[in-house]
Amino acid sequence: MSHHIVQVKGLRHIYPDGTIALQEVSFLIHHGESVAIIGANGAGKSTLLQHLNGYLTPTAGDINIGDFPLTRATLPDIRRTVGMVFQDPDDQLFMPTVFDDVAFGPLNLGLSGSILEQRVEECLSRVGAAHLRDKPPYHLSGGEKKRVAIATVLAMSPDILVMDEPTSGLDPHARRQLLALLKDFSHTKIFTSHDLDMVFELCERTIILHEGLVKADGPTREIFNNADLLAECCLEKPFSMQNCAACGRPKTGL
Ligand SMILES: Nc1ncnc2c1ncn2[C@@H]1O[C@H](COP(=O)(O)OP(=O)(O)OP(=O)(O)O)[C@@H](O)[C@H]1O
Ligand SMILES: [Mg+2]
């Protein structure tokens, strides 16, 4: 896959109970872009992300990853290209130990022995979870599970990183560590977040989803400066762009 573009065309998703989660969503993300998908609770963000590596099947519309349409035949290749961190880490961790969970993907890619050990150790260290390697995932705290879930995806060295609420449940130190890690990741990054300060810091482009539709798609700073748009979509400016609570003046350096 040459350019690792992500193209979504006319995507519609209706759940079996009749809920229209995505009415019509289209966008094109180029290789190397860092894009945030934001929106109120229930806007359709997780539903959208789960289409990017085929966990859900579109009611209508198409998805292309790199040079290939997402189909049953291309799914195994696309899952290797697109690493997906789910909103709920319990959807991602299913092995008896943390080590086994992080090793699962690389093992399927043919890694073994000391190379596999090294890959797992390195990915756990990058998310500050090396000390958890022998624990069963169901004994971990919420934030620890999140770190391990991220490590399982890093272990696959994906070309496109898709993360649903990556900082939710993380303590400030782990959040900062993840931000640094994401800044270092030079390939395509797509994530949803209610952590708008992280969005402001990491993403040059932001897409607002509102009631299953793309309400805005453009430079992050422009979007966060559009108060009417934010209010209409039940969103607020990041804290770092809000006026100082003590003196009411704009914060410096922005
Ligand atoms: N399995 C399901 N069956 C039926 N409806 C669903 C299902 N999963 C999600 N929905 C509905 O689809 C809509 C979009 O949900 P989704 O989880 O994509 O929202 P979200 O933008 O990720 O919200 P949040 O910010 O709370 O994570 C919501 O109305 C939700 O109730
Ligand atoms: Mg969600």
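This is a predicted model: local features need pLDDT of at least 70, side-chain atom pairs count only at pLDDT 80 or more; totals for chains, interfaces and linings use all residues.
I number residues from 1 along each chain as written, and chains are lettered from A and ligands numbered from 1 in written order. Local features need pLDDT of at least 70, side-chain atom pairs count only at pLDDT 80 or more, totals for chains, interfaces and linings use all residues, and side-chain values use heavy atoms, without hydrogens and water.

**Ligand 1.** I looked up the shell, meaning residues with a heavy atom within 4 Å of the ligand. I found 14 residues around ligand 1, with G42, K45, S46, T47 and H194 the closest. By class they are four nonpolar, eight polar and two charged, with Gly counted as polar and Tyr as nonpolar. Helix α1 (residues 45-51; a DSSP run of H or I, at least four residues) gives the most, three residues.

I then checked polar contacts (pairs of N or O atoms within 3.5 Å). Oxygen atoms of ligand 1 lie 2.6 Å from a side-chain N or O atom of T47, 2.9 Å from a polar side-chain atom of S46 and 3.0 Å from one of N41. Taken alone, ligand 1 exposes 640 Å², and the protein buries 64% of that (Shrake-Rupley, 1.4 Å probe).

**Largest pocket.** I used a 1 Å grid over the protein atoms alone; a pocket is an open set of points where a 1.4 Å probe fits, with protein on both sides within 12 Å along at least five of seven lines, and lining residues have an atom within 4 Å of a point. Of its 22 lining residues, Y55, R79, F104, G105 and M156 are closest to the centre. The lining divides into twelve nonpolar, six polar and four charged residues.

**Second largest pocket.** I noted a volume of about 230 Å³. Its lining has 13 residues, with L56, T57, P58, L70 and T71 closest to the centre.

Notes. A polar contact is a pair of N or O atoms within 3.5 Å; within protein, one must be able to donate a hydrogen and the other to accept it, and residues adjacent in sequence count only if both atoms are side-chain atoms. Helices (H or I, at least four residues) and strands (E, at least two) are DSSP runs, numbered from the N terminus. Grid points are joined across faces, edges and corners, and a volume is the space filled by probe spheres set on the points.
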